[in-house]
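Dear colleague,

Here is the structure I promised to hand over. My notes follow below it.

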Amino acid sequence: MKYGLYPGCSLNGTGIEYGLSTKAVAQKLGIDFVEIPDWNCCGASSAHNRDHLLSVALPARNLALAEQHGLDQIAVPCAACYQRMKAAEVALRDEPTRREVGEVIEMKVEGKSRTRALVEVFTNDLDAEFLSSVVVRPLSGLKVASYYGCLLVKPAQVAIDSPENPMIMDKLMAALGATPVEWSYKTECCGGSLAITRPEASLGMTANVLKYAKLAGADCIVTPCPLCTSNLDMRQKAAEGLLGMELGLPIYYFTELMGVALGLEMSQLGLTKHFVEATSLLKNTPAAQ
Amino acid sequence: MKRIGVFVCHCGSNIANTVHCEKVAQVAKDFPGVVLSTDYKYMCSEPGQVMIQEAIREHNLDGYVVAACSPRMHEPTFRKCAARAGMNPYMVEQVNIREQCSWVHANKEKGTEKSIDLLRMGVAKVVKNEPLYSTTIPVTKRSLVIGGGIAGIQAALDIANAGYPVTLLDREHTIGGRMAQVDKTFPTLDCSACILTPKMVEAAQHPNIELMTYAEVEAVDGFVGNFDVTIRKKARYVDFDQCTGCGACTEKCPKKVPSEFEMELGMRKAIYTPFPQAVPNKPIIDAKHCRYLLDGKCGICKKVCPTGAVDYEQKDELIVERFGAIVVATGFEQFDISAYEEYGAGKIPDVITGLHLERLMNASGPTAGKIKRPSDGKVPEKIVFVKCVGSRDEAKGRPYCSKACCMYVAKHATLLKEKMPNSKSYIFYMDVRTPGKNYEEFYARTQNEYDAQYIRGRVSKIFQVGDKLIVRGEDSLLGRPVEIEADLVVLAAGMDPRGDAKDLARTLGISYDQHGWFTEAHPKLQPVETHTAGIYLAGACQGPKDIPDSVAQASAAAVKAAGLLSKPELTSEAMTALCDEAICSGCGLCQSICPYKSIEIKSINERYHGQMRQRRVSNVNQGLCQGCGACTVACPSGAMNLKGFTNDQILAEVDALCQR
Ligand SMILES: Cc1cc2nc3c(=O)[nH]c(=O)nc-3n(C[C@H](O)[C@H](O)[C@H](O)COP(=O)(O)OP(=O)(O)OC[C@H]3O[C@@H](n4cnc5c(N)ncnc54)[C@H](O)[C@@H]3O)c2cc1C
Ligand code: SF4
Ligand code: SF4
Ligand code: SF4
Ligand code: SF4
């Protein structure tokens with residue numbers, strides 16, 4: 001299976017663990033990722049607040065490059081990048097927009113390449129039997145709260161799953177042998193976009209997500225989004241202070257948990273780079289012992 | 001050339017203010033065929049009609065044109081007027097110079113010109129009119145009522161009391177519909193069963209009513225006065241002639257199934273009657289769950305039955321019966337709340353619907369009338385109601401108001417307080433709609449005397465923490481978010497059309513709206529008729545309704561049906577389509593377009609170059625045709641003509657218009 005890969009800025013920076021684990025897991029699964037040559041910023045977090053045309057043109061250039069290199073499907077790990085790229089793909093279905101954007105980026109863009117969230121590629125595109133056959137260290141006993149955030153499921157035109165009760169990651173976790181917990185904060189906002197501008201408002205929202213995961217009995221949280229992860233991981237201490245309760249919830253990328261279940265080394269997956277200590281919980285699963 | 005008269009009406013000043021009526025009459029004198037042209041203040045008045053009748057006799061008229069108001073108003077008047085003077089009523093044309101001229105124009109000169117044009121067309125047409133005759137058809141003096149909820153029962157009783165036989169058909173095993181599931185009814189709080197069961201029993205025992213439960217309509221042929229209805233009587237596996245309803249079978253049956261009647265809050269057996277007052281009160285076997293019918297093991301009910309009524313060999317039976325009129329009363333379904341994932345609906349057991357609560361409150365319900373949460377049987381103290389769930393919500397494809405839920409929520413809050421004085425109800429609402437007699441007063445009492453707290457705003461999220469349900473919403477009067485820790489949440493789920501309503505509509509040939517509610521012939525003036533003659537609507541199948549509205553509409557539909565059945569015979573439409581077999585190519589386009597299924601393709605034998613040959617041509621059933629004209633436009637060879645509106649007549653009008 002061959003896909004274009006749009007890593008975005010976070011996979012080499014704040015979300016380096018995501019980058020490492022994505023590559024390691026893809027290799028293990030025999031998925032061929034071709035990084036889009038000369039990719040540019042997707043514009044997330046600022047472009048769409050400034051200028052609509054810019055917010056379509058930036059990701060459109062990446063789509064045009066993918067087209068040029070014959071990459072029909074582009075896997076996008078970061079949820080924010082995914083949303084911008086998918087929104088551009090949808091916008092480009094309109095012929096006048098396509099022409100206008102083509103002029104701005106000085107490239108021909110037909111809108112042929114499909115933007116896919118990485119989590120879709122690692123679940124929907126894989127045969128369930130194949131996946132369970134490669135699991136060598138099932139995550140038995142691990143109670144996981146799947147946290148999707150908002151970007152992958154809203155608005156409806158770009159959603160990869162139900163906006164209120166998505167299940168795609170829960171099913172993946174079950175396939176890896178973990179126990180997904182039922183909880184209701186799956187798509188509640190973590191406050192990520194206010195983290196810098198209004199930290200006090202944002203912290204309350206982050207804290208609520210963590211609190212309800214804890215109350216639901218989860219050992220850890222799994223996400224498909226570097227923004228959510230840094231928020232939930234980096235600011236967990238502050239959230240504990242605000243809530244006055246101890247949380248101790250490691251925040252994993254779904255690719256990290258996949259990697260562990262597939263038998264990869266924790267350090268190779270970036271598991272040592274977390275704020276909330278993330279390796280001991282995994283070392284203690286029955287299969288690991 | 002035919003001798004034509006022209007009569008121009010002033011309609012007081014309605015027409016005369018914008019049209020020079022005398023001038024119009026004057027000009028018309030020169031139109032081909034016109035032997036008399038005159039004007040008058042009110043043509044529809046008695047003197048006006050006498051004037052026309054005298055003119056017909058005096059001038060020996062073959063036909064006449066009246067230039068006046070819309071034919072929708074007075075065409076019957078002027079047709080009858082002709083008939084009284086011995087003229088065929090279809091030799092009359094009415095030209096509309098009021099709605100289509102004087103009322104919509106201001107300039108009198110132009111108005112006059114336009115009236116002249118319209119009149120010239122009318123004269124050109126009437127010259128080509130032919131006398132038409134309607135035929136009569138007999139009426140089968142029997143009615144079918146489909147659906148035995150409160151609406152169907154009421155309609156059946158009223159028709160039966162008017163003296164006509166009625167078949168009351170329900171696809172369920174008992175009549176009663178939703179009202180049988182309801183505990184008490186607003187605004188009087190009388191027990192639903194106490195007012196419903198007497199009617200159910202009356203229907204069952206009425207000499208004019210034949211009860212046909214566990215049966216479905218498969219096909220409908222024929223037309224008003226004579227519908228041939230194919231009915232599937234589903235196999236009950238119990239011979240009702242022998243069964244005494246003793247209940248021994250139900251008691252001994254080992255197979256338990258969640259009860260649909262109890263909203264799956266309780267269990268029933270595989271051989272069962274849905275509730276104690278069911279009519280008929282004899283059990284049937286649910287073939288989907290019976291062990292014997294599934295895999296041949298068990299057979300206990302047959303063994304214990306003292307009368308040998310159990311019959312595993314019974315099969316569905318198809319019968320065809322003829323009815324003169326049909327009343328459709330198939331009711332509604334409760335909206336499926338699982339579409340509201342944000343409310344945990346369908347997932348959290350203690351997020352229930354109004355009908356669930358009705359069953360929990362009912363003394364013969366699964367909890368014997370004690371309010372217990374489905375999850376753990378705990379008695380709830382804080383109860384949250386959310387209104388307009390699956391109603392007034394574009395995102396869920398339900399823009400309409402379900403009408404009964406505002407009131408039943410008020411009823412629920414009142415009854416809960418009565419049953420559990422320590423409980424507290426919180427009600428989230430968008431508006432409170434209480435347009436009914438004594439409804440507003442009931443709502444006020446719910447707030448003032450029963451301590452219900454109404455919160456204006458939508459709920460955004462409901463989730464479970466421990467054994468509490470967290471309800472998060474907005475109080476839009478205070479302008480701030482609210483959060484309530486509830487023990488039980490009741491969603492006032494709206495009304496949906498029956499899932500298969502559209503199929504039934506197609507079988508019957510009646511229309512429905514974008515949601516699946518059956519459409520009345522006119523939203524104000526014909527609220528119980530359908531566009532198909534002889535088929536009437538009653539109850540919630542036509543749109544959300546409460547019991548008083550359903551009953552009122554049912555009685556109205558019954559009057560219409562009885563009125564039809566009381567006629568010795570029916571006059572059929574005279575202006576129907578007619579196929580010219582000589583030029584019909586048998587292509588069948590007309591057949592596929594006819595909305596009333598009145599066209600069939602038949603074979604004719606004809607002589608062709610000295611030899612007999614067979615050819616296929618279209619044939620219009622004159623009893624079914626409603627004269628809509630769709631087929632005439634579809635026919636590529638021009639073989640199909642609508643009598644009274646033939647292609648020839650319409651072209652003559654177009655010619656006349658171009659002659660100016
Ligand atoms: C929770 C709740 C509480 C309510 N409380 C009140 C109240 O207190 N007061 C009040 O006035 N109203 C109340 N209502 C409204 C009331 O239930 C309806 O107004 C009433 O039931 C409508 O009657 P109906 O006969 O039109 O339809 P239904 O009661 O739905 O009956 C229709 C019948 O047709 C049958 N049927 C359906 N399709 C077919 C078919 N294809 N072939 C044959 N048979 C078919 C069904 O089996 C059923 O027996 C309440 C509604 C709800 C949901
Ligand atoms: S044969 Fe079927 S209905 Fe009869 S007792 Fe057994 S399971 Fe029940
Ligand atoms: S045991 Fe026989 S007679 Fe008694 S209710 Fe059952 S079927 Fe009818
Ligand atoms: S009756 Fe009341 S609760 Fe029901 S849909 Fe209308 S406004 Fe909403
Ligand atoms: S006029 Fe209308 S109803 Fe009559 S046969 Fe033609 S299409 Fe059918």
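What percentage of the contacts in chain A with a separation of 6 or more comes from residues 24 or more positions apart? It is 77%. Please keep in mind that this is a predicted model.

Chain A overall:

Its secondary structure comes to 13 helices and 8 strands. The radius of gyration is 19 Å, which agrees with the value near 19 Å for a compact globule of 289 residues. Along the principal axes, the C-alpha atoms fill a box of roughly 55 × 45 × 30 Å. Buried residues make up 53% of chain A. The accessible surface is about 12100 Å², with 53% of that belonging to carbon and sulfur atoms. Chain A has 26 positive and 31 negative charges, and their mean positions lie 2 Å apart.

Salt bridges:

The count over all chains is 51.

- Arg98(A) and Glu95(A) meet at 3.1 Å, N to O. They sit 3 residues apart in helix α5 of chain A, so about one helical turn separates them. Arg98(A) is partly exposed at 22%, and Glu95(A) is partly exposed at 39%.
- Arg79(B) pairs with Glu75(B) at 3.2 Å. Both lie in helix α3 of chain B, 4 residues apart. Arg79(B) is buried at 14% relative accessible area; Glu75(B) is partly exposed at 28%.
- Arg373(B) pairs with Asp376(B) at 2.9 Å. Arg373(B) is buried, at 2% relative accessibility. Asp376(B) is partly exposed, at 42%.

Best regards

Notes. Residues numbered from 1 in each chain as written. Chains lettered and ligands numbered in written order. Predicted model: local features only at pLDDT ≥ 70, side-chain atom pairs only at ≥ 80, totals over all residues. Heavy atoms only, no water. Helix = DSSP H or I, 4+ residues; strand = E, 2+ residues; numbered from the N terminus. Rg over C-alpha atoms; globule rule 2.2 N^0.38 Å. Buried < 20%, exposed > 50% of the residue type's maximum accessible area, 1.4 Å probe, protein only. Contact = heavy atoms within 4.5 Å. Areas by Shrake-Rupley, 256 points an atom, 1.4 Å probe, with all protein chains shown as cover. Lys, Arg positive; Asp, Glu negative; His and termini not counted. Charge placed at Lys NZ, Arg CZ, Asp CG, Glu CD. Salt bridge = Lys/Arg side-chain N within 4 Å of Asp/Glu carboxyl O.
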